Amino acid sequence: AFAAGTLIDGMDCMIAVRRDSAAGLVLVYKTAGSTPYFGFASAGSPANNSAGAGSPTLLVDGIQLTGGGSVTAGTLDAALTSGVWHIVEFRSLDLSAWTALGVGGFTSLMLNGALGEIQLFASGQDANRDLARAQMAAYFGVTLP
């Protein structure tokens, strides 16, 4: 938990994650069981990948996913293949109303694998984000394009 106003509208989030099964997952949520989340991956789901976090652009392993600010949960699900590490990036999140973050326990959707690291940046910090992505890729063995 943290004070209101700590996070802003216009944040980028980078997450190193490994899925160990194809079960649906929510990467980050505001509070347990609440609606605001981002990183919902579920096969066949038409829902946007975020609720209460704006309309972020998504990248996996440095490649932007199709859908712009409306990437579906199914598209994210297909990009996060099981058994290998990936770097998921959410750009331009609106986290201004968030005062807490949780990982891996959004009602019945759990993180079915491993979480390596989460980094948050104010949008526009491209050099810092690029350096963090390169360091994560080297540490977790992710091949970037």
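Helices (H or I, at least four residues) and strands (E, at least two) are taken as DSSP runs and numbered from the N terminus. The model is a predicted one, in which local features need pLDDT of at least 70 and side-chain atom pairs count only at pLDDT 80 or more, while totals for chains, interfaces and linings use all residues. Residues are numbered from 1 along each chain as its sequence is written, and side-chain values use heavy atoms, with hydrogens and water left out.

Helix 2 (residues 126-140) comprises 15 residues and reaches 21 Å from its first C-alpha to its last, close to the 21 Å expected at 1.5 Å a residue, the expected span being 1.5 Å times one less than the number of residues. Its buried residues (under 20% relative accessible area, with exposed meaning over 50% and partly exposed in between, for a 1.4 Å probe and protein chains only) are R129, A132, R133, M136, A137 and F140. Seen down the axis of helix 2, these buried residues fall within an arc of 135°, so they line one face of the helix; the arc is that of the directions from the helix axis to the C-beta atoms. On the other side of helix 2, A127, A138 and Y139 are exposed. The buried residues of helix 2 pack against strand 1 (9-19), strand 7 (85-94) and strand 11 (113-122), contact being defined as heavy atoms within 4.5 Å. Helix 2 is followed by G141, whose phi is positive, near 75°.

D126, which lies in helix 2, counts as partly exposed at 39% relative accessibility. The side chains of D126 and R129 are joined by a polar contact of 2.7 Å, that is, a pair of N or O atoms within 3.5 Å, of which, within protein, one must be able to donate a hydrogen and the other to accept it, residues adjacent in sequence counting only if both atoms are side-chain atoms. Although D126 and D12 are 114 residues apart in sequence, their C-alpha atoms are 9.8 Å apart in space.

Five strands form an open sheet in the order 6-5-7-1-11, with antiparallel pairing, where two strands pair if DSSP finds at least two bridges between them. The edge strands, each pairing on one side only, are strand 6 (63-64) and strand 11. Strand 1 and strand 11 run antiparallel and are joined by nine bridges, and the bridge partner of D12 in strand 11 is F121.
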